[in-house]
Amino acid sequence: MLRLCLLAAHALRLAGAALLSPGSCAFEDSACGYDWDYAHLPWALHGEGHYISVDTSYEGEKAVLSSPELYTEEWSCVRLIYQIATTSETSPDPARLNLYLRQEGESFDRLLWSAKEPSDSWLIASLDLMNSTKKYKIVLEGEMGQDKSASIAVFEIKITPGYCIECDFEENHLCGFVNRWNPNVNWFVGGGNIRNSQSILPKDHTLNSELGHYMYVDSVYVKHFQEVAQLISPKTTAPMSGCLSFYYQLKQESSIVFTIYLRDTSGFYEEIWKTDSALSADWALAEVDFNAPYPMEVIFEVAFNSAKGGYVALDDISFSPVYCSNQTGTPFNPAEAGCNFEEDLCNFYQDHKDGPGWSRVKVKRNVYRTGDHTTGFGYYLLANTKFTSQPEYIGRLYGPTLPGNLQFCLRFYYALYGFFKMSGTLAVYIFEENHVVQEKIWSVLDSPRGVWTQAEISFKKPMPCKVVFVSWCKSFWDCGLVALDDVSLSLGSCQAADLLLPNPGECTFEKDECVFTQKKRGRGIWHRRRGPTPTSYTGPKGDHTTGDTTCT
């Protein structure tokens with residue numbers, strides 16, 4: 001992607017340190033109350049270049065920089081202008097810049113953002129801070145890794161009230177919005193008292209002045225049918241729902257389509273607004289209900305069919321937590337669609353017509369038999385027990401009703417016992433609310449016997465639906481036991497959920513050690529590995545997260 005402006009030092013400098021809000025710093029002649037931890041590497045303030053940095057000229061693993069104590073009850077946006085530089089092309093342990101939120105009364109710092117990609121220019125990161133009544137600090141951590149030529153620099157930290165997807169395009173960083181480069185059509189900054197400005201409108205909307213700025217895209221360089229220009233917002237980093245509004249002008253000489261999409265981290269697009277007609281020659285207000293329960297980008301896309309198509313201008317993007325259409329109701333809580341079965345079936349139920357196909361049981365664990373997945377000593381569900389096993393027996397477990405038009409990730413753990421053929425012994429279906437089968441979205445193909453194994457399924461349906469677990473006893477000679485535990489549901493695709501930062505103090509060790517470290521003292525150290533332990537009866541058959549029993 002081509003950034004809409006060069007993030008050069010002179011372009012990014014704002015009004016001055018005196019006008020910056022608490023927690024913000026331009027690092028012109030001081031660190032603005034930010035303190036570094038003297039137990040780690042020191043940060044160096046560069047007065048001439050107006051930035052703060054850390055490098056590998058000192059021995060150490062990381063540098064920590066903490067803001068003064070901050071407090072605001074409003075939703076805020078943190079914008080960080082930074083650079084990670086290195087002369088090494090690849091490193092097994094590259095330098096990394098992390099940003100944490102340290103809230104009053106919390107035992108752990110919450111990791112909000114992390115970056116390790118090197119760059120030869122300044123980059124911008126935008127992070128939403130949800131409204132809270134707790135005092136907090138912003139903590140920056142520069143990890144140097146094993147790259148002996150790495151350096152990390154921070155040019156500016158700016159904390160402003162409001163949402164990171166809001167923008168009036170009056171500042172040079174453009175609120176982190178970027179243009180997806182196209183050889184022929186791109187979004188440009190218009191307006192401003194600049195010579196040779198590519199401005200096509202006499203006035204912007206924010207200031208109603210020729211000095212104001214806005215974004216625009218023109219068809220003059222279109223060479224192909226359906227040339228597309230995209231303006232992409234910063235990614236939301238906290239759940240948001242409400243009303244997204246903006247002002248636009250559309251001058252149409254031939255076909256133009258102006259569309260707004262939401263795109264999640266797995267690349268899934270959802271259209272939320274569209275127009276192909278000019279309402280007036282002046283700025284028009286557009287409002288659309290906006291729901292981003294997981295990280296999303298807003299994409300403003302314009303498609304032209306000819307070089308004489310016209311232009312689209314955009315200004316004053318804003319957000320309100322109140323829906324445009326005055327919707328009411330409680331937002332859907334995905335935690336209510338999960339269950340660990342320790343106390344009851346939660347919001348799951350069985351159809352009385354099917355009989356008691358799934359039973360909530362508890363067994364004593366030993367070296368030959370595992371307990372439940374949650375604790376090893378608790379409860380789980382068991383289907384096809386000796387009281388219900390019969391040829392062609394089917395047991396159904398229904399979940400609660402899920403709202404339509406939302407992306408979900410379903411995760412659960414299962415274990416199979418006694419089947420000769422695993423295929424089809426457990427399946428997951430989507431049912432409509434009236435118990436009409438809509439679609440089978442998953443089934444067992446093969447599985448290690450007697451081992452808790454994780455399954456994950458991404459799905460999205462336009463109408464309200466239910467998830468149904470179905471166990472099938474095909475014949476008397478091939479009828480075993482199906483165990484189910486720790487069903488969870490999250491918003492967003494499973495691939496997108498895997499990209500989310502872990503909660504403080506949590507780690508599955510699937511990708512790395514998260515933020516855990518060990519002091520290498522003595523002979524005993526921790527090893528990250530997969531599969532069984534090297535010697536028999538000294539550990540589990542597989543890991544607890546996925547149940548994987550293979551070593552490769």
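## A buried phenylalanine, F290

With a relative accessibility of 1%, F290 counts as buried, because the cut-off for that class is under 20%. The model discussed here is predicted.

The structure holds 33 aromatic pairs. One of them joins Y163 and F319 in an edge-to-face arrangement, with 4.6 Å from centre to centre and 70° between the planes. This pair links distant parts of the chain: Y163 sits in the loop between strand 10 (151-161) and strand 11 (178-180), whereas F319 belongs to strand 20 (residues 310-320), and 156 residues separate the two.

F319 also pairs with F290, again edge-to-face; here the centres are 5.6 Å apart and the angle between the planes is 75°. Distant parts of the chain are linked by this pair too, since F290 lies in strand 18 (residues 284-292) and F319 in strand 20, 29 residues apart.

## Other aromatic residues

Seven names make up one aromatic cluster: F169, F177, F246, Y248, F258, W273 and F300.

Elsewhere, a charged residue meets a ring. R360 lies over the face of Y379, and its distance from the ring centre is 4.0 Å.

Strand 10 contains K158. Is K158 buried or exposed? The relative accessibility of K158 is 16%, which is under the 20% limit, so this lysine counts as buried.

The side chain of K158 has a polar contact with the side chain of E171, at 2.7 Å.

## The chain as a whole

How many helices and strands are there in the protein chain? The chain has two helices and 29 strands. Among these strands are strand 10, where K158 is found, and strand 20, which holds F319.

The protein chain has 552 residues, and 45% of them count as buried. F290 is one of the residues in that class, and K158 is another.

Contacts within the chain can be sorted by how far apart the residues are in sequence. Taking contacts between residues at least 6 apart, 76% join residues at least 24 apart. The protein chain exposes about 28900 Å² of surface, of which carbon and sulfur atoms supply 51%.

Methods
Residues numbered from 1 in each chain as written. Predicted model: local features only at pLDDT ≥ 70, side-chain atom pairs only at ≥ 80, totals over all residues. Heavy atoms only, no water. Phe/Tyr/Trp six-rings, centres within 6.5 Å; stacked < 30°, edge-to-face > 60°. Helix = DSSP H or I, 4+ residues; strand = E, 2+ residues; numbered from the N terminus. Buried < 20%, exposed > 50% of the residue type's maximum accessible area, 1.4 Å probe, protein only. Lys NZ or Arg CZ within 6 Å of the ring centre and 35° of its normal. Polar contact = N/O pair within 3.5 Å; in protein donor to acceptor, adjacent residues only side chain to side chain. Contact = heavy atoms within 4.5 Å. Areas by Shrake-Rupley, 256 points an atom, 1.4 Å probe, with all protein chains shown as cover.
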